[in-house]
Amino acid sequence: MAKTEDVAIFERNVAKALGDGQLRRNLRSAMATMSQRRRTLFADTEAFEQLRTLGQSIRRRALSQLPELLEQLEQRCTANGIQVHWAETAAEANAIVLDILRRHGATRVIKGKSMVSEEMHLNHFLEEQGIEALETDLGEYIIQLDGETPSHIIVPAIHKNKDQIAHLFHERIPDAPYTEVVEELNAIARGELREKFRTGDVGVSGVNFAVAETGTLCLVENEGNGRMCTTAPPVHIALMGLEKVVEKLQDVPPLLRLLTGSATGQPITTYFNMITSPRRSGELDGPHEVHLVILDNGRSGIYADPERRTTLQCIRCGACLNHCPIYTRLGGHAYGHVYPGPIGSILTPQLKGLDEAGVMATASTFCGACEEVCPVKIPFTEILRMLRNEAYARDESEHEVQGHGYRYTTVEALSWKSWALYNTSPALARIGAQMLSKFGQHLPMIGPLKEWTRVRTPPPFAPKTLHELAQQRGLDDDR
Amino acid sequence: MKAYYFGTCVIDACFPQAGLAGIELLQRGDVQVIFPQEQSCCGQPAYNSGFPDEARKVARHQIKTFAKDYPIVVPSGSCAGVLKHQYPRLFAGQPEEEEVRRFSSRIYELSEFLIKVLNVRLEDRGEPIKVTWHSSCNALREMAIIPYAKALLRQLERVELVELQNERECCGFGGTFSVKQPAISAAMVSDKVDDIVQTGAARVLSTDCGCLLNISGALGYRDLKIPTQHLAEFILERTHGQN
């Protein structure tokens, strides 16, 4: 059977990731620490269950009135002096950002961490326009130095260990001495970044929650770089996916608690920024202009389908990555798209189409670890199963996910039809079972059995099936 | 009392002794076990692989086969999870939705039934043994029956349970996942085997033969002589001769 392109690419990525012993060791130790911290913080399971039920209801309430809330957000932001821009695609969002930068003659952009900016491939775009975009989150700074993209949505350099970073700094930062002392590495990065904060023309950030009621942009961070980017330069551009809006200010504390606790096991982050306006007259600091770019990029299509909409409940804590037995073995890069892990596997095929990213929905055993930790109770398994259905659904697609039916082949469809026939025809099943009992140990090692026996002994087909043994024992057959 | 027994396709083909052991444990609790010969698979392979119509077809066959109002006991957390929790989803909005809900409400995983309904008391007659335990993901999360399984195990006085370091982590089976994503599945089961080895246990027990097919296959491939066994078979062995 010919492989679809997404499958072939993924298989290559998987082979590379699994072959990298250092990567697996780095991931395992980092993920174990993060999930341990989370477990400690949410040790009271009953209280956590209550809190995440609240989180889920807040996100659902926001999504149930999404168009109205976005309109309200725009009104309130505008009234507060924040300029709101709408972008249907990543290209539109990039153009909006570029236009703002051009108007200010900006050539140096300093960036706080933003996954939406990754989705836009903003750094690459700006570089092509001759504009320097510098990542200031330490993790982002590290991977930018190495020409990489984030491998995790919260801890972008989680795939690297201290020694790898020590070498990287020494090689890529002019005059940086070689050191493996964490405090010294931090000091090197801080020294580099200070000057950039001072001289940056425009600051770019993401948005964790946007409050419709008050027109407030909330930004969660641990390093203070986010506050630098949003206050030091004269212009601040905030980027958000349109699902990030919440209704009321009082919705924020529970979501914040769930976000920081689920992400890093922290009760609260070191910094929590609430941005409601540019610098007002008489104030001594803050940007003179604040822009908010609200990006769709396929989200309204997800929103339109009530079953798929739950995907947009996500608050990007990354807990599903940290607890996923597949993410923790592959790391983020193997997924081949901006959002990896369980959230990436449900989001990306819907944003980019199944034909481009459908394979991500197959990277799950349905173990349910993601659902168990999700702070807003996203039904991951249900969505993954729906995406698998869509991948084979040609005309009869129920959810009309872009690229549906891309994986359909007559051979696979026929084999499942035969399987169904076998399992609904007792006489046929009896003969089949007897054949397996007799010849099961001598099956040719091809297809699925070939894959199975790469690391396992063949299935031990028994001489007599349970059906036969039950009959021999005279068990009531209910007829 | 009368109860249906749904043997599961993996047990039927590869581990029929585990299936029989479950039947014997029920009979010992004065249950008249009914084993419909027409039963086959719960439909999970198609259901999880993108073929819901075929899954529904096979599901309808089971619903028709287990028609009377008896409890249905299933010696697998995974298959029980599909029958109990996924069938109502599979048939949501279909004409037979109500009938399916009634069917699903009769599903019990075996160890759940032994504790909750039969309230069994076990007397350990075996030699001291050190075992380890593998929780199947659906037994652990969807069915949440691991407490029942471990309660049974705790009744066996001379059995020492050494838990895995990563008991809550999937073994990498995932049904068709094991052959659709063979490299990832192989990495997962390899780690599971390492975890089993470090316990020093003489045997690996579980409520799910799908996982055990995967784990025993990987243990065997690495020539490690640690037998795997379904909980029911283990209990029967330890308590032999009891009524």
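## Chain A: burial and overall form

A residue counts as buried if 20 or more other C-beta atoms lie within 10 Å of its own. By this criterion, 49% of the 479 residues of chain A are buried in this predicted model.

Chain A contains 23 helices and 10 strands. Its C-alpha trace extends over about 90 × 55 × 45 Å along the principal axes.

## Nonpolar core

The largest nonpolar core comprises 216 residues. Leu239(A), Val293(A), Val73(B) and Val74(B) are the members with the most contacts inside this core.

The surroundings of Val74(B) can be listed individually. Leaving aside residues up to four places away in sequence, Val74(B) touches Phe6(B), Thr8(B), Cys79(B), Ala80(B), Leu83(B), Ile107(B), Tyr108(B), Glu109(B) and Leu110(B).

## Contact between chains A and B

Chain A contributes 50 residues to the contact, and chain B contributes 55 residues. On the side of chain A that touches chain B, the elements giving two or more residues are helices H1 (5-18), H19 (380-392), H20 (410-422), H21 (426-439), H22 (447-452) and H23 (466-472) of chain A. That side of chain A consists of 28 nonpolar, 10 polar and 12 charged residues.

## Helix packing in chain A

Helix H3 (residues 45-64) of chain A and helix H12 (residues 252-264) of chain A have axes that come within 9 Å and cross at roughly 120°. H3(A) is therefore oblique to H12(A), since angles of 65 to 115 degrees are required for the roughly perpendicular class and those over 145 for the roughly antiparallel class. The crossing of H3(A) with H12(A) is left-handed.

H3(A) supplies Leu51(A), Arg52(A), Leu54(A), Gly55(A) and Ile58(A) to the contact, while H12(A) supplies Pro254(A), Leu255(A), Arg257(A) and Leu258(A). By class, the residues of this contact are six nonpolar, one polar and two charged.

## Helix packing in chain B

In chain B, the axes of helix H7 (residues 110-117) and helix H9 (residues 146-154) come within 8 Å and cross at roughly 70°. This angle makes H7(B) roughly perpendicular to H9(B). H7(B) passes H9(B) in a left-handed crossing.

From H7(B), Ser111(B), Glu112(B), Leu114(B), Ile115(B) and Lys116(B) meet Tyr148(B), Ala149(B), Ala151(B) and Leu152(B) of H9(B). The residues of the contact of H7(B) with H9(B) comprise six nonpolar, one polar and two charged.

Terms used: Residues are numbered from 1 along each chain as its sequence is written. Chains are lettered from A and ligands numbered from 1 in the order in which they are written. This is a predicted model: local features need pLDDT of at least 70, side-chain atom pairs count only at pLDDT 80 or more; totals for chains, interfaces and linings use all residues. Axes are lines fitted to C-alpha atoms, for helices over the stretch in contact, and angles run from 0 to 180 degrees between N-to-C directions. Helices (H or I, at least four residues) and strands (E, at least two) are DSSP runs, numbered from the N terminus. Angles under 35 degrees count as roughly parallel, over 145 as roughly antiparallel, 65 to 115 as roughly perpendicular and the rest as oblique. A crossing is left-handed if the near helix is turned anticlockwise from the far one by less than a right angle, and right-handed if clockwise. Two residues are in contact if their C-beta atoms, placed from the backbone, lie within 7 Å. Ala, Val, Leu, Ile, Met, Phe, Trp, Tyr, Cys and Pro count as nonpolar, Asp, Glu, Lys and Arg as charged, and the others, Gly among them, as polar. A nonpolar core is a set of buried Ala, Val, Leu, Ile, Met, Phe, Trp, Tyr and Cys residues joined through C-beta atoms within 7 Å. A residue is buried if 20 or more other C-beta atoms lie within 10 Å of its own, exposed if 12 or fewer, and partly exposed in between; C-beta atoms are placed from the backbone.
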